[in-house]
Amino acid sequence: MQAEEDALWSLDHTNGMEKAYCCFNSNARDFARFGQLVLNKGEWNGQQLISRTYLEKAIEPDTTLLNKQYGDTNYQYGYQF
């Protein structure tokens, strides 16, 4: 995506493994590029970088989850990036 800087993942400890759940560190311009990639359904400059099908699912809430407090579908969670 022509990022300005290499992005970094948080590690579990020095020289350890990347944490799958937290935290992707970059800069505002590169996060904007990522946002544009999502808006373009995974396409960047005419090249499909991420599956269109995956991204369509990623922006939908997981309607199988229930919000116990309200006894209704929990629309807050879906796929994660």
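The secondary structure of this chain comes to 2 helices and 6 strands. Followed along the sequence, these elements run in the pattern β-β-α-β-β-α-β-β. Please keep in mind that the model is predicted, with an average pLDDT of 82 for the chain. Of the residues, 88% score at least 70. Confidence is highest in strand β4 (residues 47-48), at a mean of 96, and lowest in strand β2 (residues 24-25), at 70.

**The chain as a whole**

The chain has 81 residues, and buried residues make up 11% of them. It exposes about 6,700 Å², and carbon and sulfur atoms supply 51% of that area. As for contacts between residues at least 6 apart in sequence, 25% of them join residues at least 24 apart.

**Helix α1 and its two ends**

Let us turn to helix α1, which covers residues 28-39. Just after the helix comes K41, with a positive phi of about 55 degrees. K41 is found in the loop between α1 and β3 (43-44).

**Two positive phi values**

Most residues other than glycine have a negative phi. Against that background, K41 is worth a look, with its positive phi near 55 degrees, and so is N45, whose phi is positive and near 50 degrees. N45 sits in the loop between β3 and β4. Is N45 buried or exposed? N45 is exposed, because its relative accessible area of 61% lies over the 50% cut-off. K41, at 31% relative accessibility, counts as partly exposed, because that value falls between the cut-offs of 20% and 50%.

**Trp9 in strand β1**

W9 belongs to strand β1 (residues 8-9). Which residue lies 17 residues from W9 in sequence and 9.0 Å away in space? That residue is S26, with the distance taken from C-alpha to C-alpha. W9 is itself partly exposed, at a relative accessible area of 39%.

| Residue | Relative accessible area | Class |
|---|---|---|
| W9 | 39% | partly exposed |
| K41 | 31% | partly exposed |
| N45 | 61% | exposed |

Notes: Residues numbered from 1 in each chain as written. Predicted model: local features only at pLDDT ≥ 70, side-chain atom pairs only at ≥ 80, totals over all residues. Heavy atoms only, no water. pLDDT = per-residue confidence, 0-100. Helix = DSSP H or I, 4+ residues; strand = E, 2+ residues; numbered from the N terminus. Buried < 20%, exposed > 50% of the residue type's maximum accessible area, 1.4 Å probe, protein only. Contact = heavy atoms within 4.5 Å. Areas by Shrake-Rupley, 256 points an atom, 1.4 Å probe, with all protein chains shown as cover. Expected span 1.5 Å × (residues − 1).
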